[in-house]
Amino acid sequence: MLATTGWTAGPPYATAPGDPRTAELERWRTARVHGRPLPAADGPPGHIAAFLASVGHSGRHRLARRHPLVVGNLNGAPAALRYRANRIALGRALRQERARAATARLSAVGRELTLRRIHRLRTLLRPGRQILAFDPAGRGRVAEVLGDLDRAARISVIVPGVDTGLLTFQRTSRRYTAPRGMAESLYAAQRAAAPRVRTAVVAWADYTAPTGIGMDSVTGRLAGEGAVRLAALARALPRRAGVALFCHSYGSVVCGLAARRLPARVTDIAVAGSPGMRASHVTELGASARVWATRDGDDWIGAVPHLEVVGIGHGADPVAPEFGARVVSAAGAIGHSGYFEPGTESVVNFAEIAVGAYEGVSCAGDGDACRSDIYREAAV
């Protein structure tokens, strides 16, 4: 069924040799700054923030220079410090890839993919880009912020699906099917919907997604690992901001598994083109957030069986009435990857949800059922 409805195997990926972040984490565990041991890199964000504040500007920037792959992914570190550290890490990765291309004995395919990786690293290093997370290992992980994260009153996090990695983070053709393009479209729609509301959007490709068709895409293993990372990010975002998650395809599985771990400031979870959220009803998610769902009429995911049997499959269809989500219109979206195309009702609805302007959300079908009892805290 998956093979005949569009979940096709993805393209080959260039992968970085080794795991430089793991090596840096080992050094981090024994390093010191101003004579003081460093906190655990996976420690509570508040503890990490307090430690970094205590070591001053010079201490923070010394750590960013010496351990950029740790600091650049450190929940609790100031956003500006993470951006700086990731520029250092990206620069190092770019130099390594260039050296590899110049000296390594690569096949024609290997050389092409390495050159594509070099191109992607160069684009991420362009002035003004705010890279919140970066890990070059494997297919690569990355997250980017549009807007001012520290001053935002509302923060949106886009969680993409299969075939997400460093090379697919941004596209020239089919721009709005890639995480960066999705974020650009949603950010523009938010500013149009509420120009006076300070917003920021995180294009979050900071988990290991499945590659095309295969067991990883129909089980929850990678989604479970991604859910832990997503919940950690949500806990580290500025506390005064409301947060909304926008989860596409397999990304909705990640969001479903993360739901009960999310802090209360995550007010909304919206899924698009979802194969399921590993639940049979919205109440099983254990989320305090409102849960929204949408699917356009020609999305092939609708033909995939929504079930879970001995760990295979992702559960009930989130747009089915019996699931209990708030179902919104996706008019104008085309296919499985068209939900963030500018001008579609799906992205306009996402923007209204993101800024808390729920009265402007267009429900699927006739009526306003998706806005019923909208300000109640618990999902219905």
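1. Basis. Residues are numbered from 1 along each chain as its sequence is written, and side-chain values use heavy atoms, with hydrogens and water left out. Because the model is predicted, local features need pLDDT of at least 70 and side-chain atom pairs count only at pLDDT 80 or more, while totals for chains, interfaces and linings use all residues.

2. The largest pocket. On a 1 Å grid over the protein atoms alone, a pocket is an open set of points where a 1.4 Å probe fits, with protein on both sides within 12 Å along at least five of seven lines, and lining residues have an atom within 4 Å of a point. The largest pocket has a volume of about 550 Å³, a volume being the space filled by probe spheres set on the points, which are joined across faces, edges and corners. Its lining consists of 26 residues, of which R21, A41, D42, N73 and N75 lie nearest the centre. The elements that give two or more residues to this lining are α2 (20–30), β3 (130–135) and α10 (221–236), and the largest share, 5 residues, comes from α10. Helices (H or I, at least four residues) and strands (E, at least two) are DSSP runs, numbered from the N terminus.

3. Helices α3 and α4. The axes of α3 (residues 45–54) and α4 (residues 56–66) come within 7 Å and cross at roughly 115°; axes are lines fitted to C-alpha atoms over the stretch in contact, and angles run from 0 to 180 degrees between N-to-C directions. The contact (heavy atoms within 4.5 Å) is made by F51, L52, A53 and S54 of α3 and by G56, R60 and L63 of α4.

4. Helix α8. Of the 15 residues of α8, 11 are buried, so this helix is largely enclosed by the rest of the structure; buried means under 20% relative accessible area, exposed over 50% and partly exposed in between, with a 1.4 Å probe and protein chains only. Among the buried residues are R180, E184 and Y187, and what covers the buried residues includes β4 (141–147), β5 (154–159), β6 (199–205), β7 (242–248) and α12 (345–354).

5. Residue G147. This residue is found in strand β4 and, at 22% relative accessibility, counts as partly exposed. Leaving aside its neighbours within four places in sequence, G147 is in contact with Q130, Y187, T199 and A200. The C-alpha atoms of G147 and H34, which are 113 residues apart along the chain, are separated by 33 Å.
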